[in-house]
Amino acid sequence: MKKFFEDIKKDMKFKSAGPGKKLTDDDSSKAPVARSSAPAKPRHAPTDGAQKAGAAALARVEQQHRPRLQTSQDSIRLQVKKELEAEASALASDQKLATEGSKVPVKDPTAFSVPGVYFTCPLTGATLTKSDRDVHIKEAILMCFEEDPVEASIMMIHTFNKDREKVKAAVDIISKYLDNVYKNPTEEKYRKIKVRNKVFQEKVNSVDGSREFLQALGFESTALPVEGREDPEDPEEFLVLAEQDPEQLEQLKERQGRLLSGEPIRAKLDRRTQAFRPSPKATCFELPPDFYNRTAEELKREQQLRTEGVERSAMLRTKAMRERDEQKERKKYNYTLLRVRLPEGTLLQGTFLARERVSALYQFVREALADDWQPFELVAPGGQKLKEDEEVALNECGLVPMAVVTFSWDAAVQADIAAAGGQRPQLLKPELQESIKTLS
């Protein structure tokens, strides 16, 4: 009986679930769900306290640090930032190196072995410092235009322009212009130069002094109509030379030769020749800052060479390798101060370019001697004989940035003079002997 009632309950429950559905049937055929007819409960708005609590919770969530995924742009920005920081660090290091390296202890100028490095202007004879020599020479060349514009313009071409290849190209083209005029004196087309011509603009007009030279020869700026142009009233600038007579043509040829053989005007190094009495301080030098001026790049390179020198000292090197490194070290000096110790201990001092030849030192000594005809020898500090006829630079002989060289008369010649009853030669010229000083 109990089982009978349980079966009836299951059957009623199954029927109350609604009609059955196949798995392949569409959902759209589903019967609508019956809604309760009971009225819905009204929703109440949150209280002021609940709203404030929610806002505070939201603010806390927004303030929390959220890890950011690194994109490719982030990586680029980071790399650029690192490179900029590295460049700034390197620049600061260079500036610091230049500041520290260029600092020379401030001393009384009289304490230096020589006041500085000086030059002589070949045009005016003025004594110049390193810093003002170029400006002075340019001004001196411009002053020459009133007296000789041809020579002044030639000096301007060869001195004002540093690019020697560019100067040579301009000189060759101008020379070709003049050759055409010389060979075809009656042909008007060879006496006209179109200013807007591409070759003239790029090769000639761009070189300082070239147009001044052509004007000094007689070429005049003239506006001329151009054949084939639509507007005949639109002229173009030409440099035009009047027809030349035979005498003028020869003068033109002579000036062309001066242009081709022109050389840059350079200030000549002033030796600052001095004579000193014998002194135990002969090998003591105090050089002024001019002898050690270095740019930031040179200072950086010098520091690098020192580092490499420490590394090389720990390596086994051949004699050739050591000599090559020594030569490289000597070439960093531009000037050298040399003293020549004469037989009685008198010292002759002069300033030289480090790249000058040994023959320049011999010439310097010979010009200071009273008996300059007599042969003599010069010996470097290490005992090496300096030969006048060898094309060797002073820095290649190790005579930089200062050195004391020993002078001696030729022994064979002195023996012949003594055998003939001659007197010992006088050393310095009277003007040097009279101005001799004590080495401080």
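Against which helices do the buried residues of α5 pack? They pack against α4 (133-143), α6 (164-183), α8 and α9 (246-260), where buried means under 20% relative accessible area, exposed over 50% and partly exposed in between, with a 1.4 Å probe and protein chains only. This is a predicted model, in which local features need pLDDT of at least 70 and side-chain atom pairs count only at pLDDT 80 or more, while totals for chains, interfaces and linings use all residues. Residues are numbered from 1 along each chain as its sequence is written, and side-chain values use heavy atoms, with hydrogens and water left out.

**The protein as a whole**

- The protein has 14 helices and 12 strands, which are DSSP runs numbered from the N terminus (helices are H or I with at least four residues, strands are E with at least two).
- Of the 440 residues in the protein, 29% are buried.
- Among the contacts with a separation of 6 or more, 69% are accounted for by residues 24 or more positions apart, a contact being heavy atoms within 4.5 Å.

**Helix α5 itself**

- Helix α5 has 12 residues and reaches 15 Å from its first C-alpha to its last, close to the 16 Å expected at 1.5 Å a residue, the expected span being 1.5 Å times one less than the number of residues.
- The helix is mostly covered, with 10 of its 12 residues buried, including V150, I154, I157 and H158.

**Helix α5 with helix α8**

- The axes of α5 (residues 149-160) and α8 (residues 210-217) come within 8 Å and cross at roughly 160°, where axes are lines fitted to C-alpha atoms, for helices over the stretch in contact, and angles run from 0 to 180 degrees between N-to-C directions.
- The two helices are therefore roughly antiparallel to each other, given that angles under 35 degrees count as roughly parallel, over 145 as roughly antiparallel, 65 to 115 as roughly perpendicular and the rest as oblique.
- The crossing of α5 and α8 is left-handed, a term used if the near helix is turned anticlockwise from the far one by less than a right angle, with right-handed used if clockwise.
- On the α5 side the contact is made by P149, V150, S153, I154, M156 and I157, and on the α8 side by S210, E212, F213 and A216.
- By class, this contact of α5 with α8 has seven nonpolar, two polar and one charged residues, with Ala, Val, Leu, Ile, Met, Phe, Trp, Tyr, Cys and Pro counted as nonpolar, Asp, Glu, Lys and Arg as charged, and the others, Gly among them, as polar.

**Helix α5 with helix α9**

- Helices α5 and α9 pack at an angle of about 30°, with their axes 9 Å apart, and they are therefore roughly parallel to each other.
- In this pair, α5 passes α9 in a right-handed crossing.
- From α5, the residues V150, E151, I154, I157 and H158 meet R255, R258 and L259 in α9, and by class the contact has four nonpolar, one polar and three charged residues.

**Residues in loops**

- T346 is found in the loop between β8 (335-341) and β9 (347-353), and at 9% relative accessibility T346 counts as buried.
- Leaving aside residues up to four places away in sequence, T346 touches F276, P278, V340, R341, L428 and I436.
- R272, in the loop between β6 (268-269) and β7 (274-276), has a positive phi of about 50° although it is not a glycine, and at 27% relative accessibility R272 counts as partly exposed.
- P401 lies in the loop between β11 (385-386) and β12 (402-409), and a cis peptide bond with omega of about -5° joins V400 and P401.
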